[in-house]
Structures are given as C-alpha cells and as structure tokens.
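Reader: I have a structure to read. Please take me through the core and the ligand site, step by step.

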Amino acid sequence: MATTIDHQIRNSENKLDYNGPLTRDAFGSDFKWGVATAAYQIEGAVHEDGRTDCVWDVFARKKGRIRNNDDARHACDFYHRYEQDLDLVKELGFEQFRFSLSWSRILPGGYGKVNQAGIDFYNKLIDKCIVLGIEPWITLYHWDLPQALEKSGGWKNRRIVEWFAEYAAVCAHAFGDRVKHWIVLNEPMAVAGLGYTTGEHAPGNKGIHNFLPVVHHLALSQAEGGRVLRKILPEARIGNAISCSYVYPNSQSAADVRAARRADALMNRLFIEPALGLGYPKDAFPFLANIKRFMREGDRERLKFDFDFWGLQNYFSVVVQHSYLAPVMWLKEVPATLRNVPTTSLGWEINPIGMYEILKQFQRYKGVRELVISENGAAFKDILKGEKVEDPRRQAYYQDYLAAVLRARNDGVNITGYFAWTLLDNFEWAHGYSARFGLVFVDFKTQERTVKASGRWFAGFLKKEEM
Ligand code: BGC
C-alpha cells in the first residue's frame, strides 16, 4: 500500500520507465509463459457425462443475476473443442496452459463416488497438452462448487475442509503422474466477498455474518489442499492464486491512509498471511479479530502451508477513501471512471505501475519463495470486422503490464512466470458474455474462433519475431 508515489520508476511522461526493449529474451530463458482459463467459463456441456450442477448453474437460472440472463450451458464448448483450442494455445506460442477442474464433473455428489467420465475428459486434455509440448497447470478450485455441497452450507460449513481434501486427493491420484504444477484455490477473496457477502456471484449469499466463517474455511482449505497434494505428489510444485490490487489512499489524511490499510488487508493480505504463519491481518483491520469465533484449537498451525509459489492475479489498482456511510469497512472506492484515468471496458483502472508496486509488496514477505503472475489481462469492446479483430488497446495493456513485470524482475523480484488472462472470450461470471477478455475472439452463436490482433502480437513476441 502506498502513502507516497515512487517517482523513480516514472519517466518524464509519468509512465513506467522500464529502461530497455521489451523482448522475451529480456525475461530470461527460464521464464514461463502461459495462458490461463477456468472450467466453468469455457467448458459448457454442463449436464454431459455425469456432471451435476455447480452453484453457478443454479445462480444463472435465477433471473436478473447475470447480465442479459446469460448462462454457461454452452460457454465456449471447450468440452468438445479442446483439441482445436489447445492447437490455438500452441499457435499463440504459449508453453504453459492453466486450466481448472470441474469438481462436479469429477465428484458429482461433491464427495464419494468418482465419475470416471470426468476423469477421462481431463486425462485427454492433459495428454493433448503433452503431445503439443505444452505444460498443463491445474487449478483445483475456480469457483464452481458442486451444488450438492452448497445444499449443506457450502463454504459456510467447516466440513468443506474435509470435502475439499478428498477432492484434492482424487485429482492428485488421477493426474499427478503427468502434472507438475498445481494451484489449490483461485482467488478465495472473490468467493468470500462476492459469493457469500455481497451476493454478486454464485451462490448469491448475502450478509456480513457469512464473511468470516467463509474466509476461515477457505484459508484452512488452501493449506489443507496444499498438504494433500504434497503428501501424494512430493515432487509437485504447489501454489495458490490470489487476487491483488495495489491500494492508494485518496489523500494523505490519516483517515484515508487508515482506510487504504484496511482495504490492503482485505484485498492483498487476507489469504497469504495466515498461510505464512502471520495470522489474519487484524492489525490493519480490527474487525478480523472476530474470526476467532470460528477458530478451533490447532487452527493457527492448520492455516500454514509452505507454498512453492504464489500466483498473483492483478488487473487494476484502486484508490480508496474513508467513509462513514460504509459500516464494517468504513471506506469506499473512488471509481476510476471518476478520476480521469484510462480504464478497460469494465471501468477498471489501467495502471501498470500498480502491477510493479504490488510485485514489490509481495516480494517483501520473507516466507514467499517465488511469485508467478497467474492472471493478467483486460476486457475491451471488440468487434469482428471481416475476419479480423483489431484491439490495439489490449495489445498496449499487455505491453505496459509486461514492462512492469520485467522492471520488477530486474529490480530483484523473484517472479518466474506470467499467464495471460485469457485464451478465449468466455463466460465472464456476472457479466455473462458482455466482457471479452480473450486473445481469441469467440462468436458464441457459431463457436467460430478468430485470433485477435493482440493474440497475433503475443505470438510474435513469444516467437521472438521482429516487431
Ligand atoms: C478470475 C477470472 C476472471 C478474471 C476477469 C479473475 O478474478 O480468476 O475467472 O474471468 O478475473 O474478471
């Protein structure tokens, strides 16, 4: 969190100064380049081959929850088209493919009987990656909780730690012979905040009373998932992916600076610090002290896990100010759209310096071994004209954010990989199909794919073509 702006990294135009050409070689030959996806956003085939409902299927059936009442019954039809889509990953030059597993495809009841057809699908996907020379990276949980578990309270019920451990073990046994890189949870903060507190995401539960138990069960599960994977797959590299945004106070007033510290505790520190053995960040956000009501003896130990890497997912930075009108947090965001700064089509501030600062912030944790950007990307209004999609703003976004990553790496941050979000335009959660993040344009009526200009730029960058 900033209280002052670091002028040294800005050039005379107030932009990030990264001294040097942005080339793949500048990142070093070991740096990993990948593209990230998530099961629910692309697979479709929601009721095929034994898969049962997940919370998002149920949420999408309720009117008014998702923009235009879109649903993901077909999404990108990746379930049937994964081979040609992996060919696209190859064509774009990525050497790592991050995807998530659908829990309700593998364990339709949430626990208990394994669905072999679900295992078969991911086996085929992994094998195809390997044939293409692409390394598969698995995310165990990217928000699509089996509805069967939500019926028993989902993340509010502490038993989820056992259910999740069972699911992790099934996956480790099924795929661990070929998959080296594992990510336990994807952005647990979004699950706790949007899924169980504001209700903007599935399962749509509302109420601050849900927040702390859900946070605690997610934090226990991320560590438990790590332990299960490590026990079964001692050679695996195990990480966890968290959202993060650099937080600026709106002014240097003591109230705004404290508000920024509270926001920082929630947005950046909440899930990493218990895993590192630092406990929940109640120093900055005293409300978190109430989490002790959900803690049992031994939990402080149980929350710890020594991850091989932390996946950081950074899209934007935020500015916050103190507010008396927002109980509990006592702050509000000053929207980027009111600050005359560049934004994406979702109104998210484009600020590569925020990426640089957040990398430096995470590097300061002693217990962090390695950082990977496990997601970064932008939505813009793309138009297919002829056979082309010209998206210069997305290309510029990637160039500027990559420059920030490179600058941080050159300044000593141990960042070893970068995953673009995302391969295909897809089901963007509560925004439905209205927000396009892909490097590849998808016509959802015909399922036709068209590589966008930004995708072609990325391919040229990765293949080291002169640009
Ligand atoms: C999520 C993705 C999502 C992306 C863009 C991340 O929070 O992990 O699933 O599509 O942001 O909103």
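**Core and ligand site**

Author: Start with the largest nonpolar core, which has 160 residues; Trp 56, Phe 97, Phe 175 and Phe 458 touch the most other members. A nonpolar core is a set of buried Ala, Val, Leu, Ile, Met, Phe, Trp, Tyr and Cys residues joined through side-chain atoms within 4.5 Å. Buried means under 20% relative accessible area (1.4 Å probe, protein chains only). Helix α7, residues 160-175, gives this core its largest share, 13 residues. Helices here are DSSP runs of H or I, at least four residues, numbered from the N terminus.

This is a predicted model: local features need pLDDT of at least 70, side-chain atom pairs pLDDT 80 or more, while totals for chains, interfaces and linings use all residues. Residues are numbered from 1 along each chain as its sequence is written, and side-chain values use heavy atoms, without hydrogens and water.

Reader: Which residues does Phe 458 touch?

Author: Contact means heavy atoms within 4.5 Å. Leaving out residues up to four places away in sequence, Phe 458 touches Trp 33, Leu 92, Phe 94, Tyr 398, Leu 402, Tyr 418, Ala 420 and Leu 439. A second, separate core has seven residues, including Val 247, Ala 259, Val 318 and Leu 331.

Reader: Which residues come nearest to the ligand?

Author: A residue counts as near if one of its heavy atoms lies within 4 Å. Around the ligand there are 13 residues, and Gln 41, His 142, Glu 187, Glu 428 and Trp 429 come nearest.

Reader: Where are polar side-chain atoms of Trp 429 and Trp 421 relative to the ligand?

Author: A polar contact is a pair of N or O atoms within 3.5 Å. For Trp 429, a polar side-chain atom lies 2.8 Å from a ligand oxygen. For Trp 421, the distance is 3.2 Å.

Key: Polar contact = N/O pair within 3.5 Å; in protein donor to acceptor, adjacent residues only side chain to side chain. Buried < 20%, exposed > 50% of the residue type's maximum accessible area, 1.4 Å probe, protein only. Helix = DSSP H or I, 4+ residues; strand = E, 2+ residues; numbered from the N terminus.
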